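Work through the exercises below with the sequence and the structure open beside you. Try each task before reading its solution.

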Amino acid sequence: MIDQFSPLLRQQWTVPVPIEYGPGARAELSALCARHGMRAPLIVTDAGTAALPFTQQLLAQLKDAGLRCAVYAEVESNPTDLSVEHGAAVYREWKADGIVALGGGSGLDAGKAIALIAGQARARLWDFDFDRPVPEGFQTADFPPVICVPTTAGTGAETESTAMITDTQRRIKGCVWHPLARPVAVVLDPELTLGLPPNLTAWTGMDAIIHALEAWFVPSFNPLCDGVALQALNLMWDALPVAVADGNDLQARSRMLAGSCLAGVAFTKGLGLVHALSHMVGAACGTHHGLTNAIILPVVLQFNREVITSRLPPVCHAMGLQGNDFDVFYTAICARLDLLGIPKSLAAIGVPRENMAAIAANALLDPARTTNPRASDLAQLERMLTQAIDLARN
């Protein structure tokens, strides 16, 4: 059997886009817009983020620099194809020339998805489905420039072109992308994450930790992604409970934001069954992605136990654990979920058992399932979902 971690296998690696990092880095936004030819950017975000003081400050900053700005704030917590299409229409009506994607994963994904269709009329949104051949005949100029400004430390969506969008016809989450539509710049300013409520800090933070874990376990040789996955875990593992307990701890917030970004780079290697299942639960039930991930995580870890144990020593070291076997690792994960107040079942967040067969069937088709370290079938997916609904961890 071929060792999938062998350095003799052909691989394709991706490196991130230019990043402005640090407290106060948002001051560079107007200069970045000018550098990338934006005179009339459309700011894409959700209604909650649009109402926050820092959004108004960013708007004032851009207007003071002579930019003509508009805000599209109709993005849902799980962005849909309908809101993306509406955002593209707003972009064209405003005669915008670029996008500032602002917020958590919803704002970032919606901004990137809008950029796929706002500047061209040859292809529709789902023509860019990750599971289909890449549409041909496009050039970089066909896609407006996107600058990503994350306001939560979790999604890691800021450095890549992929965007998770809910297909309202099929009632699934799908991934859309084009290799020429990557963000042109990222602003990582941890001050924008100060004061995020404890629950959202915990949910988004666990999302980022799961990105790093699942990427590390993907069976392929990728020292770039593996290295940043471990560094992400080292930055975030101890910082997350501090950020939850004290939303204004700038050092913890900084470690979380940097770690989240690194975890986003790591998962260009792939993800696993936590995300495959969570994507479809979220599409069917409207649950928060990070929270859903966190609840499902122990079930998937138990399923993957035999194939991930040999990969655990560097992970346990990065997390500062005393020991490096599965039981030590799993116990630490469950204790951290308890500390963060993560519910022990999907039922506790309103997910009904009746949806399980359809959700499992959709998860079977999710690209993240194909990079999970252990193969799975429909019956196994249904069993994991049922367990997660009833009791995901003791």
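**Exercise 1. Two annotated spans**

Solution. The model is a predicted one. Step two: UniProt, in an unreviewed entry, annotates residues 201–388 as "domain: Fe-containing alcohol dehydrogenase-like C-terminal".

**Exercise 2. The neighbours of strand 4**

Task: Work out which strands pair with strand 4, and in what sense they run.

Solution. Step one: strand 4 covers residues 98–103, and six of its six residues are buried. Step two: strand 2 (residues 41–44) runs parallel to strand 4 and is joined to it by four bridges. Within this pairing, Pro 41 is opposite Gly 98, and Val 44 is opposite Ala 101. Step three: strand 5 also pairs with strand 4 in the parallel sense, over five bridges. Here Ala 101 faces Cys 148 of strand 5. Step four: follow the chain from strand 4 through helix 5 (residues 105–117) to strand 5; the three elements make a right-handed β-α-β unit.

**Exercise 3. The two faces of strand 2**

Task: Sort the side chains of strand 2 by the way they point, and find the bridge partner of Ile 43 in strand 3.

Solution. Step one: recall that side chains in a regular strand alternate between the two faces of the sheet. Step two: in strand 2, Pro 41 and Ile 43 point one way, while Leu 42 and Val 44 point the other way. These residues are all buried. Step three: strand 2 also runs parallel to strand 3 (residues 70–72), with three bridges between them. Ile 43 has Val 71 as its bridge partner there.

**Exercise 4. A residue of strand 5**

Task: Decide whether Val 149 is buried or exposed, and list what it touches.

Solution. Step one: Val 149 belongs to strand 5 (residues 146–150). Step two: its relative accessible area is 2%; buried means under 20%, so Val 149 is buried. Step three: leaving aside residues up to four places away in sequence, Val 149 touches Leu 29, Val 100, Ala 101, Leu 102, Gly 103, Leu 108, Val 187 and Leu 192. Step four: for a position elsewhere in the chain, take Tyr 330, which is 181 residues from Val 149 along the chain; their C-alpha atoms are separated by 33 Å.

**Exercise 5. Aromatic pairs**

Task: Classify the ring pair of Trp 13 and Phe 221 and the ring pair of Phe 326 and Tyr 330.

Solution. Step one: a pair of aromatic rings is described by the distance of the centres and the angle of the planes. Step two: the structure holds eight aromatic pairs. In one of them, Trp 13 and Phe 221, the ring centres are 6.2 Å apart and the planes are at 55°, so the pair is tilted. This pair links distant parts of the chain, 208 residues apart: Trp 13 lies in the segment before strand 1 (19–21), and Phe 221 in the loop between helix 6 (198–217) and helix 7 (223–236). Trp 13 is partly exposed at 43% relative accessible area, and Phe 221 is partly exposed at 26%.

Step three: the ring centres of Phe 326 and Tyr 330 are 5.6 Å apart with planes at 15°, so this pair is stacked. Both residues are in helix 13 (residues 326–339), four residues apart, so about one helical turn separates them. Phe 326 is buried at 2% relative accessibility, and Tyr 330 is buried at 15%. Step four: Phe 326 and Tyr 330 belong to one aromatic cluster with Phe 217 and Phe 329.

**Exercise 6. Positive phi**

Task: Locate Lys 95 and Arg 171 in the chain, and state the phi of Lys 95 and of Arg 171.

Solution. Step one: Lys 95 is in the loop between helix 4 (81–94) and strand 4. Lys 95 is not a glycine, yet has a positive phi of about 60°. With 65% relative accessibility, Lys 95 is exposed. Step two: Arg 171 is in the loop between strand 6 (163–167) and strand 7 (172–176). Arg 171, also not a glycine, has a positive phi of about 55°. Its relative accessible area of 49% makes Arg 171 partly exposed.

Key
Residues are numbered from 1 along each chain as its sequence is written. This is a predicted model: local features need pLDDT of at least 70, side-chain atom pairs count only at pLDDT 80 or more; totals for chains, interfaces and linings use all residues. Side-chain values use heavy atoms; hydrogens and water are left out. Rings of Phe, Tyr and Trp (its six-membered ring) pair if their centres lie within 6.5 Å; planes under 30 degrees apart count as stacked, over 60 as edge-to-face and the rest as tilted. Buried means under 20% relative accessible area, exposed over 50%, partly exposed in between (1.4 Å probe, protein chains only). Contact means heavy atoms within 4.5 Å. Two strands pair if DSSP finds at least two bridges between them. A crossover is right-handed if, with the strands pointing away from the viewer, the path from the first strand over the helix to the second runs clockwise. UniProt positions are given in the numbering used here, feature names are shortened, and annotations may be inferred rather than shown by experiment.
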